[in-house]
Amino acid sequence: MHQKANTISLSALQTLVNLEHFPITQAAFQASSKRELDDNGVLVLPGFLLPEAIGSVVKEAHQCKDKVYYTSSDHNIYLEPTDPNYALTHPRNRKVRSSKGCITTDQIPEGSPLISLYQNAEFRRFLCAVLDESELHEYADPLSAINLHYASEGQELGWHFDNSAFAVTLLVQKPDAGGVFEYVKDARDADVAEMGYAQVEQILDGEMPVQSLSMDAGALVLFRGRNSIHRVSPTEGPTTRLLAVLAYNTAPGIALTESARMTFFGRLE
Ligand SMILES: O=C(O)CCC(=O)C(=O)O
Ligand SMILES: [Fe+2]
């Protein structure tokens, strides 16, 4: 039975993912991917999603464009309330701007490659192996598991550290220019409350070289953003940057907090 389930999820995966380049069920490939993520804080698999699947998701994104919820916020890089012990110009409190559009799990059309991939058992096993997690679970609320982000001309994500330990994303459509993911590995150490102010200030002032990921549509990205500061530069030109976020929890039955859902989606369900 287990064997049969594996065969089914593997053949479903074949229609979505370039398994010849990325044999994600093989232990050796899982191990080398894990090593790369551990060493670099990021793993990029270019051309992971097959062109036909990318095409379907682009079409779905177009169909859903009237449902997109747009947000814009000024926030500090730690995504925390202002700390009155520091000046507003201090890196602890300095504000950057983020703006994007988003559609949620419940709005993604039935049969979407994004849903098939998100739910696929073999894909999830690969993520567990690379992220060093024993299990990964779907979000318990109907909005947060799969999000499709739209960044049209001028929209950007300001510098920030993530609250979550890891992120799994797929670039669905690359803009004409801009929309580049930039980062500096280990700019802070959240576990020991090392905030990295000196380095962060240089980064915000553009006085420090940053790394950037160049990637095309179809790229799978695994990223550890809790200690690695990152941003997405403004989209340039008329082609919207489309990015799918596949969000998992390490324990079952967890929903995104109500305040986060209101902020990101404008509703709770
Ligand atoms: O759009 C991206 O590539 C990164 C998204 C991101 O950093 C986030 O959602 O926290
Ligand atoms: Fe992030």
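**View 1. Ala193 sits in the loop between β8 (181–184) and α6 (197–204).** The model shown here and in the other views is predicted. The phi angle of Ala193 is near 55°, a positive value in a residue other than glycine. Most residues other than glycine have a negative phi. Is Ala193 buried or exposed? Ala193 has 7 other C-beta atoms within 10 Å, and a residue counts as exposed if this number is 12 or fewer. Ala193 is therefore exposed.

**View 2. Leu79 lies in the loop between β2 (69–75) and β3 (96–103).** For Leu79, phi is near 55°, which is positive although the residue is not glycine. With 12 other C-beta atoms within 10 Å, Leu79 is exposed.

**View 3. An open sheet of seven strands has antiparallel pairing.** In which order do the seven strands stand? The order is β1-β10-β6-β13-β4-β3-β2. β1 (42–45) and β2 are at the edges, and each has a single partner strand, so one side of each has no neighbour in the sheet. Direction ignored, neighbouring strands of this sheet are turned by 25° against each other on average. Strands of a sheet pair through backbone hydrogen bonds, either parallel or antiparallel.

**View 4. An open sheet of four strands has the order β5-β11-β8-β9.** The pairing in this sheet is antiparallel. Which strands are at the edges? The edge strands are β5 (157–160) and β9 (211–213), each of which pairs on one side only. Neighbouring strands of this sheet are turned by 20° against each other on average, with direction ignored.

**View 5. Bridges link the strands of the four-stranded sheet.** β5 and β11 run antiparallel and are joined by two bridges. Leu157 stands opposite Val232 in β11. Between β8 and β11, which are also antiparallel, there are four bridges. Val184 has Ile229 in β11 as its bridge partner. β8 and β9 pair in the antiparallel sense over three bridges. Here the bridge partner of Phe181 is Leu213 in β9.

**View 6. Ligand 1 is surrounded by residues that include His149, Asp162, Thr169, Gly225 and His230.** Leu157, Phe181, Val232, Leu243 and Val245 also belong to the surroundings of ligand 1. How many residues of each class make up the shell? The shell around ligand 1 has five nonpolar, four polar and one charged residues. Two strands, β11 (229–232) and β13 (241–246), each supply at least two residues of this shell.

**View 7. Val130 is part of helix α5 (residues 121–131).** Is Val130 buried or exposed? Val130 has 23 C-beta neighbours inside 10 Å, and 20 or more make a residue buried. Val130 therefore counts as buried. Leaving out residues up to four places away in sequence, Val130 touches Gln30, Ser33, Lys34, Leu37, Leu43 and Leu222. Val130 and Ile24 are 106 residues apart in sequence, but their C-alpha atoms are 9.8 Å apart in space.

**View 8. The protein chain as a whole has seven helices and 13 strands.** This last view puts the close-ups in context. The C-alpha trace of the protein chain spans about 60 × 40 × 35 Å along its principal axes. A compact globule of 269 residues would have a radius of gyration near 18 Å, and the protein chain, with 19 Å, agrees with this. Of the 269 residues, 33% count as buried. Among contacts with a separation of 6 or more, 86% are between residues 24 or more positions apart.

Technical notes: Residues are numbered from 1 along each chain as its sequence is written. Chains are lettered from A and ligands numbered from 1 in the order in which they are written. This is a predicted model: local features need pLDDT of at least 70, side-chain atom pairs count only at pLDDT 80 or more; totals for chains, interfaces and linings use all residues. A residue is near a molecule or strand if its C-beta atom, placed from the backbone, lies within 6 Å of it. Ala, Val, Leu, Ile, Met, Phe, Trp, Tyr, Cys and Pro count as nonpolar, Asp, Glu, Lys and Arg as charged, and the others, Gly among them, as polar. Two strands pair if DSSP finds at least two bridges between them. Axes are lines fitted to C-alpha atoms, for helices over the stretch in contact, and angles run from 0 to 180 degrees between N-to-C directions. The radius of gyration is taken over C-alpha atoms; the globule rule is 2.2 Å times the number of residues to the power 0.38. Two residues are in contact if their C-beta atoms, placed from the backbone, lie within 7 Å.
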